[in-house]
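Subject: Structure for you to look at

Hello,

Here is the structure I promised to pass on.

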Amino acid sequence: MLLVNQIRQDKERVLNSLRKRNWKEENLSVLDKILELDDQRKKLQTENDSNLASVNSKSKEIGSLMREGQKDQANTKKQEVAALKEEIKEREERMKMVNLELTEHLLSVPNITHDLVPNGASDEDNEVTQAWTKDLPQLPENAIPHWDLAKKYNLIDFELGVKITGAGFPLFRGKGARLERALINFFLDEAQSAGYEEIIPPLLVNEDTARGTGQLPDKEGQMYYVTKDDFYLIPTSEVPITNIYRNEIVKSEEFPIKLTGYTPCFRREAGSYGADVKGLNRVHQFDKVEIVQISKQEDSYKALDEMVKHVAQLLEKLELPYRILRLCGGDIGFTSSLTYDFEVFSAAQKKWLEVSSVSNCETYQSNRLRCRYKDENGKTKLVHTLNGSALALARIIASLLENNQHEGGIKIPKVLIPYTKFDNID
RNA sequence: GGAAGAGUGGCAGAGCUGGUUUAAUGCACCGGUCUUGAAAACCGGCGUGCCUUCACGGGCACCGGGGGUUCGAAUCCCUCCUCUUCCGCCA
């Protein structure tokens, strides 16, 4: 959520950002509406505070009058207070309405985009900032897509997943399960070497937490919800991990904060059907190792670069062909200022699959989280929050299986062999 | 799940028979005096959010969350959450 002051002081920038996100001109007036509501809010509060102050002082007077036994005068004062209270009640009612409407509008405004974010309407307009310049893997004509490979080598059983739960809940077994676990451990070890502290967070979160990172209210339908206890299944470990710092004032010596965590991720993916959901391309439950950084405002883009390099290096080590995209205004997430996506080439499907998304949310999340720090002048500032996948497992497995298939099975990349304890799947 | 007790500012800890305590005191922390330097001692500062002010400053709210009683609530009532202890159940 943006601060009203960001809109007030830098309205042009916010407007340009909304245009970059392809907002219709007629919807841009929401900013004026916000400023107007904020003015109303301030006016109401000033009036109300002075009434409250007057109630406070009169109550004190009543106290001393009572002690002196001046009952009549006290009663007169009491009546004055009663009148004020009527007014206060009425005004607070209005303040509530104004605040509600103000928040509602603020929530509808996405984060301000970074200048580097390219214009564009959809994922086709994303800017390739690092293309794959070497040859793409060439597979023979009869190359097998990963869902068939998974079946052939008994690595993943999609039908059993359906039986046990439903579509989109794959069951890993044997070397498939082992490969999954190998990747998790490999990613966690790499993150640890890069200075990230490992976290194993709860997989269910409460409403405050879901609100903190911006999943609520607008992405409500994307999360699984446990009605009996009002918990949400996490769509990514970014949610519980970033919320560690909800309502905190971070001490400056704690920076840089670098956290990593492996968790399963649960996504309802309501409304997405079709070719893309085949196999592991889009599932309701998948494993992911996430990296999170919480930084001072001036350090966040350095941190973003560092995270991008970290992810790139993982893909290098896995020997997977990848490219890096800078998301355009039409594709970038609501809460992000600047996002880099990583896509891996899955050679049998002949498709680029998104395996990581690294974002700087600047103060958009921290405003909601109320996560702050003191700068060198002792001024309280909102932190910048960053998160990135390092990496999402399902699609990595998909491309690993497809790209590394050969006559005698599926070859395991060298870095993983210490983890899998086998070098080939057959 | 049942019973009892408790939740106060970074920590400790008073207040909890409602009104000069709208939060004492100690520790920690920051600044100063003293000192060659340090310690000790002394003096001062020391929460968050919002409103107002060019500024100095002033005001409002917050004592686990929410609601209520009252002229006035940390203090009384209701409700939820959390923690501790005991019982039950259970990896």
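C265 counts as buried, because its relative accessibility is 0%, under the 20% cut-off. Keep in mind that this is a predicted model.

C265 is in no disulfide. The nearest cysteine sulfur belongs to C361, 16 Å away.

C371 is in no disulfide either. Here, too, the nearest cysteine sulfur is that of C361, at 13 Å. C371 is buried, with a relative accessible area of 0%.

Now the whole chain. How many of the residues in chain A are buried? Buried residues make up 50% of the 426. The secondary structure of chain A comes to 13 helices and 19 strands. Its C-alpha trace spans about 100 × 45 × 45 Å along the principal axes.

Look at the contacts next. Take those in chain A between residues at least 6 apart in sequence: 73% of them join residues at least 24 apart.

Last, the surface and the charges. Chain A exposes about 21,300 Å². Carbon and sulfur atoms supply 48% of that area. There are 59 positive and 67 negative side chains in chain A. The centres of the two sets lie 3 Å apart.

Best wishes

Notes:
Residues are numbered from 1 along each chain as its sequence is written. Chains are lettered from A and ligands numbered from 1 in the order in which they are written. This is a predicted model: local features need pLDDT of at least 70, side-chain atom pairs count only at pLDDT 80 or more; totals for chains, interfaces and linings use all residues. Side-chain values use heavy atoms; hydrogens and water are left out. Helices (H or I, at least four residues) and strands (E, at least two) are DSSP runs, numbered from the N terminus. Buried means under 20% relative accessible area, exposed over 50%, partly exposed in between (1.4 Å probe, protein chains only). Contact means heavy atoms within 4.5 Å. Accessible areas come from the Shrake-Rupley method with a 1.4 Å probe; for residues, only the protein chains shown count as cover. Lys and Arg count as positive and Asp and Glu as negative; His and the chain ends are not counted. The place of a charge is taken as NZ of Lys, CZ of Arg, CG of Asp or CD of Glu. A disulfide is a pair of cysteine sulfur atoms within 2.5 Å.
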